[in-house]
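Biologist: I have not looked at this structure before. Could you take me through it, one feature at a time?

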Amino acid sequence: MNKKILSKSKISKPKYKILFVSSELHPFAKTGGLGDVCNSLPRALKALHQDIKILIPAYPFAIEKAEQIKQVAQIDLPVKGFPGTLGLTVETNKVHRVNILETKLPGTHVKVWMVESTLYNRPGTPYFDDDNKEWEDNDFRFALLNYIAVEIAMGRTELKWHADIVHSNDWQTGLISVLLEKEYLKKKAVRPATVFTIHNMAHMGVYSKERFDALKLPQSLWNHHELEFHNEFSFIKGGLIFSDRVNTVSPTYALEIQHEEFGYGLSELLAYRNERLSGILNGIDMKEWNPAKDPMIKKNYSIKTINNKQTNKSALQKHFNLPKKKNTLLLGLVARLVYQKGIDLLLENMDEILKLPVQIVILGSGDLELESRLRRWSNKHPDQLQLQIGYDEQLSHLIEAASDAFLMPSRFEPCGLNQLYSLRYGTIPIVRKTGGLADTVIHASKENLNNRSATGVVFQEAEGSTILDAVNLTSLLYQNKDIWKKLMINGMKQEFSWKESAKQYLALYAQAIEDRNKYKRHSSF
Ligand code: ADP
């Protein structure tokens, strides 16, 4: 009897040693949603009593933000002649040694390990130099992270810790499952189970055959069933093929990427691995994004004090020098200004949109041409459209709190976080029906308004005037204060916390372990 109870509690409360590997981690290094997710999910897993460690590169700007950081280990890369620093010199026969620095995720007990190497000791962002040019040796830089992850996961370091699960994220970590598979075949050692999360299929880490050779990857993997991708090789393919389980950050995106339009040449592979592919919706950090306590906004508010939102609107209008109009629909947009985000769609319809009684504020940076086209509109209509190019965490909070509605006309959106922040802040999201946007926003149709499920405005096509029609509808809804308030409140009542998603990840880890034990190994090493 006792035995039974014990085994039952074991099943319902697994405790895994998880190595969570990423190129971004908020607040140390973030260029987009990946950084946010890699902060929130490990915290939620820790709250579910998991032994989780995060591994990222020790970028100088990350070290700067870390508190009580200390060196805890040194690791020699078990690859001779691994490519060297920026000049792409090859340190033949020299062992590449890295330091492992340890800190914690601020305000938590989650340990963060940072890999310190000359390859990361540069200014800029994780991927770009100060002139927004991609580092030429990003393949070497992230391969290093992958090799070190394997050493740690296999328990071969001074850290005296090994992983049951390695959870890799996006192409920068795509070789980990490949190297772990090789590990198993080489020594028949038990390897950790592997999970690979796709945060964005558009970034695939594609490099030449010469670079593949320089990275000392097994030549047998150079075939189109494995790492070769149209005469080059792709990091992400490694993650997709060799991981025990693959997932994306929303159920709809998991389906979309199995189709040509969204699969970037890998849709067939994804469809083939369909049984190992799933979607788990991202949550949001409910503490950081809480209008009732957010220190970055002008006036806090909740459903009960919803009218205080107006004070934020005035503050934002002041910040951008927009006329202080209380009853003009204020639309916000915070994003990377790139094709994915449908900025060109917005631009094509800008003339007509600005004929409506609206004001628009945009915060972001990205494609230079899109930036300058936006700037031209802003110069032409400064009383209606204001733009701030750059990255500004605090202003992004104020825009969420102050705007009446929030624009997300994305062509594709793996999950999207801003529509979730918007819902929580009583700011009506205007979204295109794709990926995570389709999974989280319910259109304000007559029926959905009547049954009180509507939370936003959803449009279908990424073409023509659909975005104009959506803004038009939003403007009409905004005229009716009762309907508008209901929409706001419906949104604010939604729950997108990480707790539920983290439980789904635990189930995914269990499946990954099962698959690792069950399936035949790859044999082409
Ligand atoms: P993606 O990861 O594709 O960029 P997401 O919606 O998943 O898009 O996440 C973007 C995150 O980055 C959000 O937290 C958003 O607020 C933030 N963000 C994007 N651009 C800026 C900016 N210019 N200033 C501040 N925050 C930004």
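Modeller: We will go through the domains, their contact, the ligand and the salt bridges. Keep in mind that this is a predicted model.

Biologist: Which domains does the assignment give?

Modeller: The assignment gives two entries: domain 1 covers 8–283 + 500–518, and domain 2 covers 306–496. Between the C-alpha centres of domain 1 and domain 2 the distance is 33 Å.

Biologist: How many residues does each domain bring to the contact?

Modeller: Domain 1 contributes 20 residues and domain 2 contributes 19.

Biologist: How do I read the size of such an interface?

Modeller: Interface size is often stated as the accessible area that is lost when the parts come together. For domain 1 and domain 2 the buried area is about 1,400 Å², and carbon and sulfur atoms give 57% of that area.

Biologist: What polar links are counted between domain 1 and domain 2?

Modeller: There are 8 residue pairs in polar contact between domain 1 and domain 2, counting pairs with both residues at pLDDT 80 or more. Which helices supply at least two residues each on the domain 1 side? They are helix H2 (33–47) and helix H8 (251–256). H8 gives the largest share of that side, with 4 residues. By type, the domain 1 side that touches domain 2 has 7 nonpolar, 10 polar and 3 charged residues.

Biologist: How many salt bridges join the two domains?

Modeller: The count between domain 1 and domain 2 is 1 salt bridge. Separately, Lys-30 forms a salt bridge with Glu-393, and their closest N and O atoms are 3.8 Å apart.

Biologist: Which residues come nearest to the ligand?

Modeller: The ligand has 19 residues around it, and the nearest are Gly-33, Asp-36, Arg-336, Lys-341 and Gly-390. To read the details, look at which atoms face each other. A polar backbone atom of Gly-33 is 2.6 Å from a ligand oxygen. With Asp-36 the side chain takes part: one of its N or O atoms is 2.9 Å from an oxygen atom of the ligand. Asp-392 has a backbone N or O atom 3.0 Å from a nitrogen atom of the ligand.

Biologist: How many salt bridges does the structure hold?

Modeller: The structure holds 20.

How values were computed. Residues are numbered from 1 along each chain as its sequence is written. This is a predicted model: local features need pLDDT of at least 70, side-chain atom pairs count only at pLDDT 80 or more; totals for chains, interfaces and linings use all residues. Side-chain values use heavy atoms; hydrogens and water are left out. Domain bounds come from an automatic or database domain assignment. Contact means heavy atoms within 4.5 Å. Buried area is the accessible area (1.4 Å probe) that two parts lose on being put together, summed over both. A salt bridge is a side-chain nitrogen of Lys or Arg within 4 Å of a carboxyl oxygen of Asp or Glu. A polar contact is a pair of N or O atoms within 3.5 Å; within protein, one must be able to donate a hydrogen and the other to accept it, and residues adjacent in sequence count only if both atoms are side-chain atoms. Ala, Val, Leu, Ile, Met, Phe, Trp, Tyr, Cys and Pro count as nonpolar, Asp, Glu, Lys and Arg as charged, and the others, Gly among them, as polar. A residue is near a molecule or strand if one of its heavy atoms lies within 4 Å of it.
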